[in-house]
Amino acid sequence: MREQLYSLKEQALTDLQPQDSLQAINDWKVKYLGKKGELTAILRGMGALSAEERPVVGQLVNDVRDALELAYGEKEAEFKKAERNKRLAEEAIDVSLPGRAISVGSEHPLNQLIRDIEDIFLGLGFTVVEGPEVEYDYFNFEAMNVPKNHPARDMQDTFYITEELLMRTQTSPVQARVMGAKSAEARANGQEHPDPIRIISPGRVYRRDDDDATHSHAFMQIEGLVVDRNIRMSDLKGTLLTFARQIFGESVQVRLRPSYFPFTEPSTEVDATCHNCGGTGCRTCKGTGWIEILGAGMVHPSVLELAGYDPTVFSGFAFGMGVERTAMRRYGIEDIRGFYQNDVRLMQNFKSRM
Ligand SMILES: [Zn+2]
């Protein structure tokens, strides 16, 4: 029986050496050390041994089992280490590879322009106020001195939500809202007069317009309003000249042409010298040397009064400009629809400004 055990040990160890995978050594383990393995088979024969021989052979069986398990353990560790090294090699990160470029978007040119315009007016002491796009008929028209059935309403047909609620046709209702809020605040505080105002208000407005190269049913405006004591037309002109020079260039001149708006009196269209020809006349300015940049005027006394400002004490000026028109001039874009179609080729031209 001893010989049997020695040759089994010999045979098993020889047999283990050429095994070349974890699976293979596991098969080997089952074959020699498993429940139906060869060592167990020898153990079963121990019943035939004498009482003196039994513990001696039992000890020998244990020694053989220990030796085989030790050999198996070493082999197993060898394979596991090799496997781990292989995995580490495969998962190694090559830090010298170029990274994947992340595609970075850009701010929409209209928003860039609004931000630039806001910066200019913030520098002049204005604050930025926003108003709702769904507006009461009262604020959009009546408070701006356009009563029901006024002919000026025809030029600003819009989308109605109800009889009294509409998509605002202009940013001007923000004037009425701000003045009204200041008046209410003054009344609540027991002040004799409401506080002066210096605001601009950018936002989207709506008209029932057929969309073409220069018209869109929705577009952006920026409204400006100054109300204080002793505000004069020269304040309006000086403010707008400062604005025009910062947007279009230092050499720009502005001129005022008489016009009509229901909520200003007198009213004026404001022209700037053509950015393209500098005022000598070209195709862009249709040979006149001037380009209209916005509408403006002195706040109509009725508008002041409706909003709780005493027109014998206060005066003011207001202006409104189309953001798209200004952007088209500033960036030389010819079709207004380019701003809404999100054509990446157009938008990418504005990337560098981020
Ligand atoms: Zn020109």
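Analyst: The radius of gyration is taken here over C-alpha atoms, and the globule rule is 2.2 Å times the number of residues to the power 0.38. This is a predicted model. For a compact globule of 354 residues the rule gives a radius near 20 Å, but this chain has 44 Å. Along the principal axes, the C-alpha trace spans about 130 × 55 × 35 Å.

User: How many helices and strands does the chain have?

Analyst: There are eleven helices and nine strands in the chain.

User: Which residues does UniProt list as a coiled-coil region, and what is the helix content of that span?

Analyst: The unreviewed UniProt entry places the "coiled-coil region" at residues 65-92. In the model, this span is 96% helix and 0% strand, and its end C-alpha atoms lie 40 Å apart.

User: Where does UniProt place the domain, and how far apart are the ends of that span?

Analyst: The unreviewed entry lists "domain: Aminoacyl-transfer RNA synthetases class-II family profile" at residues 111-328. The end C-alpha atoms of residues 111-328 lie 13 Å apart, and the span is 28% helix and 30% strand.

User: What can be said about contacts and burial in the chain?

Analyst: A contact requires heavy atoms within 4.5 Å. Of the contacts in the chain with a separation of 6 or more, 66% join residues 24 or more positions apart. Buried residues, those under 20% relative accessible area, make up 41% of the 354 residues.

User: How are the charges placed?

Analyst: The chain has 42 positive and 52 negative charges, whose mean positions are 3 Å apart.

How values were computed:
Residues are numbered from 1 along each chain as its sequence is written. This is a predicted model: local features need pLDDT of at least 70, side-chain atom pairs count only at pLDDT 80 or more; totals for chains, interfaces and linings use all residues. Side-chain values use heavy atoms; hydrogens and water are left out. Helices (H or I, at least four residues) and strands (E, at least two) are DSSP runs, numbered from the N terminus. Buried means under 20% relative accessible area, exposed over 50%, partly exposed in between (1.4 Å probe, protein chains only). Lys and Arg count as positive and Asp and Glu as negative; His and the chain ends are not counted. The place of a charge is taken as NZ of Lys, CZ of Arg, CG of Asp or CD of Glu. UniProt positions are given in the numbering used here, feature names are shortened, and annotations may be inferred rather than shown by experiment.
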